[in-house]
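Please keep the model open beside you as you read.

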Amino acid sequence: MTGWIGGLQVRRTDRGQTPVADFLCTACGTFRRITGRDKVRDFVHANPITDHRATCSANQKGTTQR
Ligand SMILES: [Zn+2]
């Protein structure tokens, strides 16, 4: 099984009600920030971690050793 390669965190800005979703893949360093209620909802709904795993550049090279 593949280990945890990143994280998805959803929070709200201090001012207003705008949700912010941060996605970070620690394997390849990809970082995405999504803001806006509809966009965040769609983004989370699409399983970005699973989705990213299929396209992760670190994953495509096979086992990464540091
Ligand atoms: Zn990645």
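Two residues are in contact if their C-beta atoms, placed from the backbone, lie within 7 Å. With that in hand, Leu8 touches Ala21, Phe23, Val44, Pro48 and Ile49, not counting residues up to four places away in sequence.

Before going further, please note that this is a predicted model, in which local features need pLDDT of at least 70, side-chain atom pairs count only at pLDDT 80 or more, and totals for chains, interfaces and linings use all residues. Residues are numbered from 1 along each chain as its sequence is written.

**Confidence and layout**

The predictor's confidence in each residue is given as pLDDT, on a scale from 0 to 100. The protein has a mean pLDDT of 83, and 82% of its residues reach 70 or more. Among its elements, α1 has the highest mean pLDDT (95), while helix α3 (residues 57–60) has the lowest (80). Where pLDDT is low, the predicted coordinates should not be read in detail.

You will find three helices and three strands in the protein; these are DSSP runs numbered from the N terminus, with helices (H or I) of at least four residues and strands (E) of at least two. Their order from the N terminus is β-β-β-α-α-α. Of the contacts in the protein with a separation of 6 or more, 34% are between residues 24 or more positions apart.

Which strands pair in the antiparallel sense over five bridges? They are β2 (residues 19–25) and β3 (residues 31–35), where pairing requires that DSSP finds at least two bridges between the strands.

A residue is buried if 20 or more other C-beta atoms lie within 10 Å of its own, exposed if 12 or fewer, and partly exposed in between, with C-beta atoms placed from the backbone. By this rule, 8% of the 66 residues of the protein count as buried.

| Residue | Other C-beta atoms within 10 Å | Class |
|---|---|---|
| Leu8 | 17 C-beta atoms | partly exposed |
| Asn47 | 11 C-beta atoms | exposed |
| Pro48 | 18 C-beta atoms | partly exposed |

Leu8 has its place in strand β1. Its C-alpha atom is separated by 10.0 Å from that of Phe31, 23 residues apart along the chain.

Pro48 is found in helix α2 (residues 48–55). Leaving aside neighbours within four places in sequence, Pro48 is in contact with Leu8, Phe23 and Phe43. The C-alpha atoms of Pro48 and Leu24 are separated by 10.0 Å, and these residues are 24 apart along the chain.

Asn47 lies in the loop between α1 (37–45) and α2. What sort of phi does Asn47 have? Although Asn47 is not a glycine, its phi is positive, at about 50°. Asn47 is exposed because it has 11 other C-beta atoms within 10 Å.

Thr18 belongs to another loop, the one between β1 (6–12) and β2. Apart from residues up to four places away in sequence, Thr18 touches Arg12, Thr13, Thr35, Gly36 and Arg37. Between the C-alpha atoms of Thr18 and Asp38, 20 residues apart along the chain, the separation is 9.8 Å.
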